[in-house]
Amino acid sequence: MKAIETTATVNDQGQLLLDKPLTPTESRRVRVIVLIPEDDELDPDDTPTEVVLEGIRQGWHEAMTGQTYPIAQLWDGIDAD
């Protein structure tokens with residue numbers, strides 16, 4: 001048995017709407033396990049698109065304007081015990 005993890009939305013009729021199609025294209029029966037987060041659970045993958053895009057824009061701006069540090073310099077001052 002092969003496992004494929006994907007995301008989906010449950011619509012008002014209780015049907016799953018997959019975010020993207022599954023790779024097997026032939027018609028076959030499958031087993032489905034649905035994990036529904038509790039209200040108090042935060043999913044780290046649920047960062048709003050606008051927040052992600054703003055982070056990319058900021059990083060691109062910093063890279064293009066020379067506001068970066070060499071990787072070797074990032075370890076300066078960090079004590080490894």
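A nonpolar patch here is made of side chains such as Val, Leu and Ile, joined within 5 Å, from residues with over 30% relative accessible area and no salt bridge. Keep that in mind for the second stop. The model on your screen is predicted.

**Stop 1: the whole chain**

Show the protein as a cartoon. Look for two helices and two strands. Start at the N terminus and follow the chain: the elements run β-β-α-α. Now colour by confidence. The average pLDDT is 83. Of the residues, 88% score at least 70. Among the elements, strand S2 has the highest confidence, with a mean of 92. Helix H2, residues 71-74, has the lowest, with a mean of 82.

How much of the protein is buried? Buried residues make up 1% of the 81 residues.

**Stop 2: the nonpolar patch**

Select Val10, Leu16, Val30, Val32, Val34 and Ile36. Together they form a nonpolar patch on the surface.

Zoom in on one member, valine 10. This residue lies in strand S1, which spans residues 8-10. Is valine 10 buried, partly exposed or exposed? Its relative accessibility is 47%, so valine 10 counts as partly exposed. The cut-off for exposed is over 50%.

**Stop 3: lysine 20**

Select lysine 20. You are now in the loop between strand S2 (16-18) and helix H1 (49-64). Lysine 20 has a relative accessible area of 57%, so it is exposed.

Lysine 20 and threonine 6 are 14 residues apart in sequence. Draw a distance between their C-alpha atoms: the gap in space is 7.8 Å.

**Stop 4: the salt bridge**

Side chains of opposite charge can pair when their charged atoms come close. How many salt bridges does a search of the whole structure find? It finds one.

To see it, select glutamate 54 and arginine 57, and show their side chains. These two residues form a salt bridge. Their closest N and O atoms are 3.8 Å apart. The cut-off is 4 Å, so this pair counts.

Last, compare their accessibility. Glutamate 54 is at 43%, so it counts as partly exposed. Arginine 57 is at 51%, so it counts as exposed.

Terms used:
Residues are numbered from 1 along each chain as its sequence is written. This is a predicted model: local features need pLDDT of at least 70, side-chain atom pairs count only at pLDDT 80 or more; totals for chains, interfaces and linings use all residues. Side-chain values use heavy atoms; hydrogens and water are left out. Patches are made of residues with over 30% relative accessible area and no salt bridge: like charges are joined within 9 Å, nonpolar side chains (Val, Leu, Ile, Met, Phe, Trp, Tyr) within 5 Å. Accessible areas come from the Shrake-Rupley method with a 1.4 Å probe; for residues, only the protein chains shown count as cover. Helices (H or I, at least four residues) and strands (E, at least two) are DSSP runs, numbered from the N terminus. Buried means under 20% relative accessible area, exposed over 50%, partly exposed in between (1.4 Å probe, protein chains only). pLDDT is the predictor's confidence in each residue, from 0 to 100.
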